Amino acid sequence: MTFATPYLAPVYPEIFLLTALSAILMLDLFISESKRFLTYAYSQLALLVTAALLVMGASGHALSTFGGMFIDDPMARTLKLVAIVAVSFVMAYSRTYNQSRGLFRGEFYVLLLFALLGIMVMISANHFLVLYLGLELLSLSMCALIALQRDSASASEAAMKYFVLAALASGLLLYGLSMLYGATGSLFMPMVANAIASGAADPAILVFGLVFVVAGLAFKLGVVPFHMWVPDVYEGSPTAVTLFISTAPKVAAFAFFIRLLVGALGPMVSDWQSMLVIVAVLSMLLGNVTAIAQTNLKRMLAYSTISHMGFLLLGILSGSLAGYASAMFYMVAYVMMSLGAFGLILMLSRDGFEADQLEDLKGLNKRSPWYAFMMLLVMISMAGIPVSVGFFAKLSVLSAVLDAGMTWLVVYAVMMSLIGAFYYLRVIKLMYMDEPVDESPLVAETDHRVLIGLNALAILVLGIVPQPLIDLCMASIGQSLRG
Amino acid sequence: MTDFSVLIFSAFALVLLGAAVGVITARNPVHAALFLVLAFFNGAGLWMMLEAEFLSIALVLVYVGAVMVLFLFVVMMLNVDLARLREGFWKHLPLGLGVGLLMVVEMLLVVSSKQFASLGAGMAPAAPGGSNTRELGLLLYTDYVYPFELAAVILLVAIVAAIALTLRRRKDSKHLDPSQQVRVKAADRIRIVAMRAEKDR
């Protein structure tokens with residue numbers, strides 16, 4: 001028996017990331033408390049090299065290795081790059097916040113890197129088992145990150161809720177996957193798709209499995225009726241962790257949807273389309289209406305996330321390549337906006353004070369016109385007002401739904417966006433028209449100012465010339481899913 | 001099946017059942033845990049008879065060697081309140097019996113079905129000298145090496161998370177650092193604060 005070494009070139013970024021994070025884990029033990037900055041710097045360096053390996057290894061076609069369990073296609077590469085950049089921004093934005101709250105520890109960075117590894121594994125998974133392992137790697141690291149602030153009761157509660165509900169969702173998902181395995185006899189996604197397309201599999205078992213799979217996926221994305229964990233976890237976690245939860249894992253959830261529903265269950269598109277319509281309709285309604293009643297900024301953004309994810313599902317359920325590409329564009333835009341929004345909350349917070357109430361934004365323009373302007377850009381983008389990337393994201397998703405012939409859904413989505421615009425505009429009103437309640441000066445590090453500026457600039461520039469990003473999404477989805 | 005293997009099977013099976021009953025009837029939790037160890041040993045014996053030697057040895061090593069020892073430690077250290085554990089035994093008995101009966105009926109249905117009878121028929125007998133440890137190992141380290149490594153990474157996350165969430169440096173421990181004591185200066189021991197003089201009323 002000889003063992004042929006798998007073709008490792010497509011996996012270099014993952015291998016490097018794992019090696020680097022193990023090294024950081026060891027190094028952190030020997031670094032004294034005062035030099036903890038080194039751990040942060042090494043983590044950023046590891047991200048940089050991983051991204052470089054990813055870009056250098058890029059080729060225009062799909063490569064698979066480990067007997068077909070790992071797939072490296074243009075979509076995977078783009079999504080991984082988005083996730084790496086998002087994690088890098090998370091680390092940079094949260095640095096001072098962590099320092100003042102005892103979270104500036106090696107474990108925070110190592111767990112973030114572990115979560116990123118899980119995300120990358122999920123994005124490249126072509127086998128149910130690998131997909132599940134990547135998901136667990138992400139969920140467990142996220143759970144530990146939420147609970148990292150041990151002395152905070154709300155963080156522990158959030159971690160407990162997330163842990164129990166994530167375990168339940170994993171159970172649902174596994175049950176669905178086992179049904180699919182029973183019906184098709186394979187765990188490899190392309191073979192599952194082939195078995196379904198050939199009509200050899202029992203349709204009753206397939207639909208039964210599909211229901212559980214969609215339920216598990218909906219939980220991971222945090223959409224109605226599996227959204228209950230989102231507001232509590234967003235509010236309870238330290239803001240640095242909320243920032244992470246609301247960005248990179250959403251990229252993984254998107255890849256999860258595409259790989260499972262389009263890759264493996266593509267022939268059943270008419271079955272899952274109707275399920276996603278219900279989920280999307282409910283998410284947009286509940287997310288937007290409930291967000292209006294919130295006084296806590298983090299909670300409001302959590303409900304806004306639910307509605308955004310419902311909107312994202314519109315792109316996926318349109319069932320066309322253009323639809324998937326528009327959903328991907330929406331996802332990238334959402335990650336940018338979410339980074340900006342939670343990043344600003346982090347920067348307005350200071351030692352012993354969390355700027356997580358809507359009240360805290362009152363008169364921000366008088367205290368810091370720069371931050372107020374950044375928040376303004378993020379909010380108009382989230383509301384989907386023109387000259388921001390959020391507008392084009394909504395536009396491209398809606399045009400895909402229109403092409404799929406569901407005009408009523410387009411009308412409904414536009415109405416829901418109008419309701420949503422209310423609470424985003426209220427934030428702008430609070431910042432520009434009200435008198436400040438809290439007069440304490442805002443101090444910020446230079447790198448934070450520059451990065452948040454870049455972040456908001458990207459929202460603005462992509463709102464004026466969105467075509468490059470749309471083309472990128474079209475190209476990566478087209479090259480990855482056509483074959 | 002030869003007479004001798006029937007004899008061994010019956011011995012293992014009877015002791016297994018007896019030990020399982022012992023687990024739930026023993027009054028002392030330590031005895032219950034030890035009965036569970038006995039049950040595991042007999043289960044391992046049955047697996048050995050089915051030529052599943054890797055699973056059999058893994059059961060003894062992992063469950064008896066590690067998990068049960070941990071159980072025993074927990075039972076002994078936590079000082080479980082026995083009277084409270086037995087509370088409501090009679091109240092919950094009907095429900096428990098009902099569930100138990102249901103499981104027996106289900107098992108009988110499965111065992112008496114046609115599919116079950118034909119289950120082992122298609123399987124080729126194991127090659128003499130073949131080892132399923134070797135076969136499992138080959139599969140695990142070649143075809144499934146990627147998921148296997150990922151499972152290892154998940155275990156590493158578990159270790160990091162468990163330590164990060166539970167390790168506390170005790171602030172109230174009264175340990176002394178001799179080197180600090182030697183290096184102490186007078187200025188560290190007493191701090192002179194300039195204050196305005198205040199008059200006594």
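Student: Which residues lie nearest the centre of the second largest cavity, and how many residues line it?

Tutor: Bearing in mind that this is a predicted model, the second largest cavity has a lining of 16 residues, and those nearest its centre are N288(A), S307(A), F311(A), K394(A) and S417(A).

Student: What is its volume?

Tutor: The volume of the second largest cavity comes to about 90 Å³.

Student: And which helices supply at least two residues of that lining?

Tutor: In chain A, helix 13 (269-292), helix 14 (297-317), helix 17 (369-383) and helix 19 (407-433) each supply at least two residues, and helix 19 of chain A gives the most, with seven residues.

Student: How do the residues of that lining divide into nonpolar, polar and charged?

Tutor: For the second largest cavity, ten of the lining residues are nonpolar, five are polar and one is charged.

Student: What lines the largest cavity, and which residues lie nearest its centre?

Tutor: The largest cavity is lined by 14 residues, with L138(A), M142(A), Y162(A), K220(A) and P249(A) nearest its centre. Helix 6 (128-147) and helix 12 (248-264) of chain A are the elements that give two or more residues to this lining, and the largest share, five residues, comes from helix 12 of chain A. By residue class, the lining of the largest cavity holds eleven nonpolar, one polar and two charged residues.

Student: Switching to the interface, how many residues of chain B are in contact with chain A?

Tutor: On the chain B side there are 22 residues in contact with 26 residues of chain A. The two chains bury about 2,200 Å² between them, with 82% of that area on carbon and sulfur atoms.

Student: How many salt bridges and polar contacts turn up across it?

Tutor: The rule finds zero salt bridges between chain B and chain A, while three residue pairs are in polar contact, both residues of each pair being at pLDDT 80 or more.

Student: Which elements of chain B give two or more residues to the side that touches chain A?

Tutor: Those elements are helix 7 (132-141) and helix 8 (145-166) of chain B, and helix 8 of chain B gives the most, with 14 residues. The residues on this side of chain B divide into 17 nonpolar, two polar and three charged.

Terms used
Residues numbered from 1 in each chain as written. Chains lettered and ligands numbered in written order. Predicted model: local features only at pLDDT ≥ 70, side-chain atom pairs only at ≥ 80, totals over all residues. Heavy atoms only, no water. 1 Å grid on protein atoms, 1.4 Å probe; cavity = no way out; pocket = protein on both sides within 12 Å on 5 of 7 lines; lining within 4 Å. Helix = DSSP H or I, 4+ residues; strand = E, 2+ residues; numbered from the N terminus. Nonpolar A, V, L, I, M, F, W, Y, C, P; charged D, E, K, R; others polar. Points joined across faces, edges and corners; volume = space filled by probe spheres on them. Contact = heavy atoms within 4.5 Å. Buried area = accessible area lost by both parts, 1.4 Å probe. Salt bridge = Lys/Arg side-chain N within 4 Å of Asp/Glu carboxyl O. Polar contact = N/O pair within 3.5 Å; in protein donor to acceptor, adjacent residues only side chain to side chain.
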